[in-house]
Amino acid sequence: MQSLSARLMLAVSLLLLVFFGVTVYVLDVSFGSAAREAVRERLDVHALALLSAAELDSDSSLTLPEPIPESHFQNPGSGLFGSITRQGGEAIWRSPSLIGNDIAFPLTVKTGERLFARKMADDGVEVFALSLGIEWQLDGSDNLPLVVNVAESMSAFNAQVQRFRRQLLSWFAGLMVLLLAAQALLLGWVLAPLRRAESEVRAIEQGQRSTLGDNYPRELQGLTRHTNILLDTERARAERYKDTLGNLAHSIKTPLAVIRNAIFEHPNEGGQAPLIDIQVSRIQTILDYQLKRAAASQGSLSVRAIDVRDALDELLATLRKVHDKPALKVETDIQEELQFLGDRGDFLEILGNVLDNAFKWSRSRIRVSARHSTGKIGHGKAMLLTVEDDGPGIPDEQREFVLARGARTDEQVDGHGIGLSVTLETIKLLGGTLEIGRSSLGGARIALALPAR
Amino acid sequence: MRVLIVEDETELREALVRRFRNEGFVVDAAGDGEEGLYLGREFPVDLAVVDLGLPQLSGMDMIRRLREEGRDFPVLILTARDRWQDKVEGLQAGADDYVTKPFHMEEIFARANALLRRSAGWSQATLHCGPIKLDTRSQAVTVDERAVDLTSFEYKLLEYLMLHAGEVISKTELTEALYEQDFDRDSNTIEVFVGRLRRKLDPARNLKPIETLRGRGYRLALERSAA
């Protein structure tokens, strides 16, 4: 089972069920025996009442008055039965309620003994029966040994027990619901810091915060502190890594610049200038390609929500300075507050390369638009970003070539020809796509699907 | 034109200095950011070429400080870091253009010239004042479509005056833009060159392209034409 709350809920519910089950059972048993005891006492009273109503005839036989004082003995449906027998079973008196019915009372009961038992009457009704052994003192020294039997139908008893059980169960059920509700609230409160940690980790993933917050309960502080340390060291490592790449680029490319310049200052020495220049270009292309690929972010630690409008403005300001095209018109149509989800460097690299191409090739117009798309990237939202120009466009047969590693379609335009291919690789790493098409402006239309917030 | 070159790699710096001098530039060179900052503050620089990976003060910080102090000459950065993030940051710090290493020297010149032209308010590569045309790429000068043969120094003088057409340029400014720091500054030399330039551009003496404003300097008096 994956959920802590579900585990706790299940465990506590089972415990409550066992606890309540045992409690209900014990209460039921004690109530049952108390009720039986009450029935027994009542039957005792009935038996003694019968005895006290009995009179001894002159022929030493017992008679009971007609009608007897306890009216229930008269009525066959009353559920109260009685009989008096001699020891051995010879009936002296039977209550009218026993007419057409019989109960197998014991034939002999020791004097002074009370036998209490459940029995089945002949008509199938269950009864509690009490038999009392007595000796009736006759004149002189003779005693008449008798058995006084009384029985009561169990229906009243059963009804009472049922009522008790119903009440008991409804109370306990109510209590259980209350306890479970209380437990759910309690769990919510206890697990709140975990839920907070979870949402903060998600926020870090989406670039909305950089570390886990403070004020966690003591049990979680170790975890959150170490997570923060891990995040910091990973970020520092990523920074160092990018720095190292930059330094590597600097320390290799500066000597390359020296070599290239030397062969142009002394082009005729050995006649090797064109060869060396081509090799320098190759080294540069390989370096650029591999360094840019290595610099493309591959983790989620540098993920931020990057405002598309801001990034676009920064790039346009740069490109306007760099490309000497004062008459160029750039139309932008960016959805309000649209944000790219990822590394800022990656976004600038992708958009920068695509825009740079548009600036190079366009004659007078560039159109940039971006908005949320209906598609998804991974589990997240996506945006469609298009860059169009009114330049010559990219012919169908060259589209694959343009995206191939290290290609450039025109040697005349500066740039190292690795722009779009590295862009495509970076986009693939992010789970996006790049499509080349034709714009209604007449030139190329580059459509990018990128992760968005 | 006075160019400041800041590059820590000696070989490359010296090559840049040689090439810019050959093109008629006055060159100040520095091997680190602090020295570059000093030269940029002290001299009337028209253009700076700055490597970003400098010891002591980084190229980026040097440019930022110069801009904060109000120095607005165009800056061309040389960088080995060619991620767009680096380029954007470089240009946000105050640079105007970049060239990535390893570069061809021609690219540096093309971009340097374009920056100089643009910073003087010219949008085209050909400067056009009245009948005089000066092509900054081919360094060809014509008057009424007639080619004029100029020495390197005369060309630089004319280019400077045309770039700042309509403005009064003092002799001191011209001297500093056209001569090295340690050059023997004899103001008569400028007068001699202006005289030669006048004769070559206007042999019939009816155009009168360069005015002398007594005690203040010179001015190219022809209207800038939209090319």
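**A strand with two partners, and its surroundings**

Guide: Strand 13 (residues 433-438) of chain A and strand 14 of chain A pair in the antiparallel sense, and six bridges connect them. Please keep in mind throughout that this is a predicted model.

Strand 14 itself, which spans residues 444-452 of chain A, is mostly covered, with seven of its nine residues buried. For the chain as a whole, buried residues account for 25% of the 453 residues in chain A.

Of the contacts in chain A between residues at least 6 apart in sequence, 62% link residues at least 24 apart.

Elsewhere in chain A, five strands make up an open sheet with antiparallel pairing, and their order is 4-3-7-6-5. At its edges are strand 4 (91-94) and strand 5 (114-120) of chain A, each of which pairs on one side only. From one strand to the next, the twist averages 20°. Within this sheet, seven bridges hold together the antiparallel pair of strand 3 (residues 80-86) and strand 7 (residues 143-153) of chain A. A:Ile84 faces A:Val148, which is in strand 7 of chain A.

A helix accompanies this sheet. Helix 1 (residues 4-53) of chain A lies across strand 3, strand 5, strand 6 (126-137) and strand 7 of chain A, and its direction is at about 135° to strand 7 of chain A. Helix 1 of chain A also has a helical neighbour: its axis and that of helix 2 (residues 155-205) of chain A come within 9 Å and cross at roughly 160°. This angle makes helix 1 of chain A roughly antiparallel to helix 2 of chain A, because angles over 145 degrees count as roughly antiparallel. Their crossing is right-handed. The contact of helix 1 of chain A with helix 2 of chain A comprises 22 nonpolar, five polar and two charged residues.

Chain B also contains an open sheet of five strands, in the order 2-1-3-4-5, but here the pairing is parallel. Strand 2 (26-30) and strand 5 of chain B are at the edges with a single partner strand each, so each has one side without a neighbour in the sheet. The twist of this sheet averages 20° from one strand to the next. Strand 1 (residues 2-6) and strand 3 (residues 47-51) of chain B run parallel and are joined by four bridges. B:Val6 has B:Val50 in strand 3 of chain B as its bridge partner. Helix 2 (residues 33-42) of chain B packs on this sheet, where it touches strand 1, strand 2 and strand 3 of chain B, and its direction makes about 165° with that of strand 1 of chain B.

Two further helices of chain B pack on each other. The axes of helix 6 (residues 152-163) and helix 7 (residues 171-178) of chain B are 11 Å apart, and the helices pack at an angle of about 125°. Helix 6 of chain B and helix 7 of chain B are therefore oblique to each other. At their contact, B:Lys156, B:Leu157 and B:Tyr160 of helix 6 of chain B meet B:Leu174, B:Ala177 and B:Leu178 of helix 7 of chain B.

Finally, the two chains touch: 26 residues of chain B are in contact with 30 residues of chain A. On the side of chain B that touches chain A, helix 1 (10-22), helix 4 (84-92), strand 5 (97-100) and helix 5 (105-119) of chain B each contribute at least two residues. Helix 4 of chain B gives the largest share of this side, five residues. By class, the residues on this side of chain B are eleven nonpolar, four polar and eleven charged.

Methods. Residues numbered from 1 in each chain as written. Chains lettered and ligands numbered in written order. Predicted model: local features only at pLDDT ≥ 70, side-chain atom pairs only at ≥ 80, totals over all residues. Contact = placed C-beta atoms within 7 Å. Nonpolar A, V, L, I, M, F, W, Y, C, P; charged D, E, K, R; others polar. Pairing = 2+ DSSP bridges. Axes fitted to C-alpha atoms, helices over the stretch in contact; angles between N-to-C directions. Parallel < 35°, antiparallel > 145°, perpendicular 65-115°, else oblique. Buried ≥ 20, exposed ≤ 12 C-beta atoms within 10 Å, placed from the backbone. Left-handed = near helix turned anticlockwise from the far one by under 90°.
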